[in-house]
Each structure stands twice: as C-alpha cells, then as structure tokens.
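Reader: I am new to reading protein models, and I would like to go through one slowly. Could you show me the structure, so that I can ask about its features in turn?

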Amino acid sequence: MSDTDLPSRERLVRAARDLFWAQGVEGTSPRQVLEASGVGQGSLYHHFPTKHDLSLAAISATTREALSSVATDLEDADRSPTERLVAYLERPRPALAGCKVGRLTSDPSVMSDEELRGPVRDYFVGLVARVQAVFEETGLPDDAAHDRAYAAVAIVQGGYVLARALDDAAAMSAAVEGFVSMLEPALDPSTAARR
C-alpha cells in the first residue's frame with residue numbers, strides 16, 4: 001500500500017515522523033508536514049488542531065514501533081537468551097541517520113515538554129526492562145542484569161553518536177562488536193557455572 005492510499009491522519013503522522021527523524025520536532029513546521037504528506041490543510045487541523053497534538057501522535061507512533069521492533073529480537077522463543085541479546089545488538093541500523101527515538105532526546109521542544117518526553121522515557125524504560133529480562137534469563141543476578149541492560153542500550157545509542165560524529169557507519173559496528181565480544185565470555189554457561 002502506498003502512502004497515498006493511507007488515511008490522511010496516518011499520512012500526516014508518517015510524514016511528521018520522517019521529518020522529526022531528519023530535522024527534529026523543533027525544526028519541523030506544520031507546512032513541511034503538509035507538503036510531505038500530500039494532504040490538505042483542512043485535514044491537518046481536523047486531526048491535529050495544534051503542532052503539539054501532531055508531535056505527540058508522531059512521537060508516540062515512533063516509540064511504539066521501535067519498541068515492537070526490538071521485541072522481535074529479544075522475545076524470539078526459538079533462540080537462546082544469548083542469541084537474542086546478540087541479535088538485538090547486531091541488528092541492522094541506519095547508523096548515520098541516528099536512532100529515531102534517541103534523536104528526540106536532543107530536541108529541546110521534546111525534552112522541555114513532559115507530555116512529549118513521556119513516550120521517549122517510556123520507550124527507554126521498556127527497552128531496558130526487556131534487555132534486563134533477557135540478561136536475567138542467562139542467570140545473571142538482577143542487579144548485574146540491570147547494569148548490563150543499561151550498558152547494552154548505551155552502546156547502541158553511543159554507536160549512533162559515534163557513527164554520526166565520524167560520518168562512518170563502521171563506528172556503530174565496532175562499538176557493538178566490541179561490546180558483544182566482552183559479553184560472550186560472561187554469558188558462556190560454563191564460565192557462569194564457575195562463579
């Protein structure tokens with residue numbers, strides 16, 4: 001289904017999500033969303049009377065989709081906990097474009113508005129909880145699993161920052177592979193049994 005076949009509300013949200021990813025909420029005007037979506041001005045204001053309403057809908061859709069996407073790797077019952085962690089860490093990412101959710105944390109209009117910041121916070125809370133649960137399945141105690149979950153998420157977010165700063169997608173891969181190589185001995189059941 002092409003975007004032109006979608007209802008106008010969904011087209012507006014998709015356009016806003018793409019523009020927010022590329023240039024931020026603060027840097028995106030309703031006019032740009034209209035142009036990118038191809039819907040009329042009346043539809044915009046019918047569905048979203050204010051930019052804040054549109055922003056909340058787009059940010060919420062972005063965070064829901066992102067969390068659902070990582071759940072695919074982290075909750076795959078056909079893989080071991082270690083395989084799921086590695087799949088999450090090594091999944092293909094648009095390193096040079098940045099994380100759709102992570103980039104929102106540097107947007108002043110998002111971070112200064114509790115309602116807009118809420119879905120971003122909830123995404124990271126949910127992501128860390130899911131990663132922690134998989135680390136716990138490997139046999140790590142809760143506190144160690146908690147810390148490793150934060151480290152894993154931070155590696156991914158830091159990988160985006162390094163890749164963008166260096167204009168080199170390989171920086172993301174290097175950060176992730178470095179972390180995975182440190183994890184593998186710790187997640188090996190034979191070494192965990194000796195602890």
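Reader: Which residues touch the most other members of the largest nonpolar core?

Author: Before the answer, a word on the source: this is a predicted model, in which local features need pLDDT of at least 70, side-chain atom pairs count only at pLDDT 80 or more, and totals for chains, interfaces and linings use all residues. Residues are numbered from 1 along each chain as its sequence is written, and side-chain values use heavy atoms, with hydrogens and water left out. A nonpolar core is a set of buried Ala, Val, Leu, Ile, Met, Phe, Trp, Tyr and Cys residues joined through side-chain atoms within 4.5 Å, where buried means under 20% relative accessible area, exposed over 50%, and partly exposed in between, for a 1.4 Å probe and protein chains only. Here the largest such core has 53 residues, and L12, Y88, L89, L127, V131 and F135 touch the most other members. The elements that give two or more residues to this core include α1 (8-23), α2 (30-37), α4 (51-74) and α7 (114-137).

Reader: How many helices and strands does the protein chain have?

Author: Helices (H or I, at least four residues) and strands (E, at least two) are DSSP runs, numbered from the N terminus. The protein chain has ten helices and zero strands, and of its 195 residues 42% count as buried.

Reader: What does L12 touch, not counting residues up to four places away in sequence?

Author: Contact means heavy atoms within 4.5 Å. By that rule, L12 touches V33, L34, S37, V39, S43, L44, H47, F48 and L54.

Reader: At what angle do α1 and α2 pack?

Author: Axes are lines fitted to C-alpha atoms, for helices over the stretch in contact, and angles run from 0 to 180 degrees between N-to-C directions. For α1 and α2 the angle is about 120°, with the axes 8 Å apart. Angles under 35 degrees count as roughly parallel, over 145 as roughly antiparallel, 65 to 115 as roughly perpendicular and the rest as oblique, so α1 is oblique to α2. In the contact, R11, L12, A15, A16, L19 and Q23 of α1 meet Q32, V33, L34, A36 and S37 of α2. Ala, Val, Leu, Ile, Met, Phe, Trp, Tyr, Cys and Pro count as nonpolar, Asp, Glu, Lys and Arg as charged, and the others, Gly among them, as polar; on that basis, the residues of this contact divide into seven nonpolar, three polar and one charged.

Reader: How close do the axes of α1 and α4 come, and at what angle do they cross?

Author: The axes of α1 and α4 come within 9 Å and cross at roughly 75°, which means that α1 is roughly perpendicular to α4. The residues of the contact of α1 with α4 divide into eight nonpolar, two polar and three charged.

Reader: Is T62 buried or exposed?

Author: T62, which has its place in helix α4, counts as buried because its relative accessibility is 7%. Leaving aside neighbours within four places in sequence, T62 is in contact with R17, K100 and V101.

Reader: What is the phi of D167?

Author: Most residues other than glycine have a negative phi, and most peptide bonds are trans. D167 has a positive phi of about 50°, although it is not a glycine. D167 lies in the loop between α8 and α9, and, with a relative accessible area of 61%, D167 is exposed.
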